[in-house]
Amino acid sequence: MGRLFDDLDDLWTDPALPGEEEPRVLVAVMNDPRALEIARSASWYRIPVRRAPPRVAADYLAFYQTGAFGSEERWAINYYAPIRRYHIVRRRDLLPEEANHPRANDEYYKIEISPLESLPHPIPSRRLRRITFIPTTLRRLLNAEEINDLWLSDRVKAELWDSLKAQGIPAERQVNLREEDETYHMDFVIYCQNGRLAILCEGDDFGLPIVKETSAITDYELTAAGWTVLHLEPDQMSDRPQEALTHIHQVIQELGGLVD
Amino acid sequence: MRFGFAVQVLGRPGLKSHDSRRWQNEPHLSVSLAYLRDILGYLRRQNIRMYRLSAELAPYVTHPDMPRFHGQIDECTVELNSVGQMARGDGLRLSFHAPMTAVLNTPDETTAAKTAAELNALARLLDGLKQGPEAVIVLHIGGVYGDRHAACHHFVERYHALPPATRRRLALEHDDNRFSVGDIAWIHDQTGIPLVYDHLHHRCYNPEKLSTVKALRLCLRSWPDGVRPKVHFSSPSTAMHVIQQRHPITDARMRLLHPPQPTEHADFIHPFEFIAFLRTAREAALPDFDVMLEVRAKDLALLRLRQNLTGFAPALGEDFLDLSQV
């Protein structure tokens, strides 16, 4: 795991950082209507301990519902609930009627929640993409128009996202690329007629600032996987944002324009 | 040698140290442990192997008027074990610092009972996490109450009245204006309690005129065989305080400039002061110890100190420290 600490100096300056006390939300994937029924009637949700995300703790749990749900609710976040307790239990104790399940002895986080609440408006995923867990804040959850609005990021990435949205460029944020045992994070991807554009913002990290925790992927690896790579330096977006956007437009045109 | 920091993580915003909800929202140790699990993952990725837990990990667990919170530790046996196993696997040294309200030598019996209950709960948490003897609860002597010698005696009496399971978790730290290294050394002689040397406190309050090496050696020797001692290190703040006020008569805005107190902790560690401290310890051939950095910039100060040591004292890294591991 790569670690770089060369941007510690930026710590104190970014007003976009959420406050320490801002309520945190963990968006989890709900791919089984029975699990939603359990959340609704028995007030708990389960995550396998072995596959839990780096951040499992939060004040609220929200659910991204997959294609397993009907057309009214699928591919969107519709519900959330305050978290009450976390307990570690074996699957056979959580679901005694499935005592012979192959993972009956596996440990799960049983996250006890308060009654589900409906969001003011559903948060759809505009493009069908693989979604796992998204750590975010309650403010973002209540104000998001689509999934990509949920990602926490530093000011530079937030401004780029706002600019792309304002110009109608359908980018996807925080797309993961798995290569053998490593998962790499691309800050933005844009799907074009003749290729895929990966935008990597330098000088910062996936999620939030200061301390980098993810491995750096090389251009070679991305290019080999069929991506066109564009690196943006922090000062490009903060000092010369129009130049950066023009550059993005140019690459999109070189790749045949946006996918309809 | 391991470096650690206290409680709050700044390097990754949103990593809370405990469930800080008020009692009306029913906070719980299980939620704190989920937050702690996330913090431990961060510490693992940063190779940080020492961490001070929040003393509020189990919210309201000893509150005399809220018995519904008293069973939290028993309710979280599995979760404590899980997080503790993670810490042990990473070679992470955990500790507590007793809250400021915990005053063992107080003349007030109610406060003393409350303090004992708090210390017992913290000890039970470390036991629940299945931590070894190096996981301690650091506390101060308390108040002077007009007679420093009597205050020390009172501490010893109350210490002996604590359950053995709590006593074996305690370590005693001197402070910056009431009780010196000499005072805690006297208490160690009466009780055997291990002593935590605090460099800034010693610089601020040293009536016995003990050299750094003498004071440090005295504290390091107080730890049981096989248990690595820990010390506290912080640099004094040199930052100006700027206070915005309105003039009481004219109501004009004005800025007051206040110098810092020498006892105030700086945001980061002064690298040259720290390097000199380590060199002093090394030249005196003192036993190995861990260092808890008491700094306002928390984990960021630790990471910065690593950078500074690599840049300014690479020889220390080669001869004395594994800079990727401290």
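The following exercises, with worked solutions, concern a predicted model.

Residues are numbered from 1 along each chain as its sequence is written, and chains are lettered from A, with ligands numbered from 1, in the order in which they are written. In this predicted model, local features need pLDDT of at least 70 and side-chain atom pairs count only at pLDDT 80 or more, while totals for chains, interfaces and linings use all residues.

**Exercise 1. Describe the domains of chain A and the contact between them.**

Step 1. The assignment, automatic or from a database, gives domain 1 (24-147) and domain 2 (152-254) in chain A.

Step 2. Taken over C-alpha atoms, the centres of domain 1 and domain 2 of chain A are 28 Å apart.

Step 3. Domain 1 of chain A gives 5 residues to the contact and domain 2 of chain A gives 4 residues; a contact requires C-beta atoms, placed from the backbone, within 7 Å.

Step 4. On the side of domain 1 of chain A that touches domain 2 of chain A, there are 3 charged, 1 polar and 1 nonpolar residues. Here Ala, Val, Leu, Ile, Met, Phe, Trp, Tyr, Cys and Pro count as nonpolar, Asp, Glu, Lys and Arg as charged, and the others, Gly among them, as polar.

**Exercise 2. Determine whether B:A6 is buried or exposed, and name its contacts.**

Step 1. B:A6 lies in strand β1 (residues 3-6) of chain B; a strand is a DSSP run of E with at least two residues, and a helix one of H or I with at least four, numbered from the N terminus.

Step 2. B:A6 is buried because 21 other C-beta atoms lie within 10 Å. The cut-offs within 10 Å are 20 or more other C-beta atoms for buried, 12 or fewer for exposed, and in between for partly exposed, with C-beta atoms placed from the backbone.

Step 3. Beyond its neighbours within four places in sequence, B:A6 is in contact with B:R52, B:H97, B:M292, B:E294 and B:K298.

**Exercise 3. Characterise the packing of α10(B) and α11(B).**

Step 1. Helix α10 (residues 271-283) and helix α11 (residues 298-312) of chain B pack at an angle of about 70°, with axes 10 Å apart. Axes are lines fitted to C-alpha atoms, for helices over the stretch in contact, and angles run from 0 to 180 degrees between N-to-C directions.

Step 2. α10(B) and α11(B) are therefore roughly perpendicular to each other, a class covering 65 to 115 degrees, beside roughly parallel (under 35), roughly antiparallel (over 145) and oblique (the rest).

Step 3. B:P271, B:F274 and B:I275 of α10(B) meet B:L305, B:N308, B:L309 and B:F312 of α11(B).

Methods. Contact = placed C-beta atoms within 7 Å.
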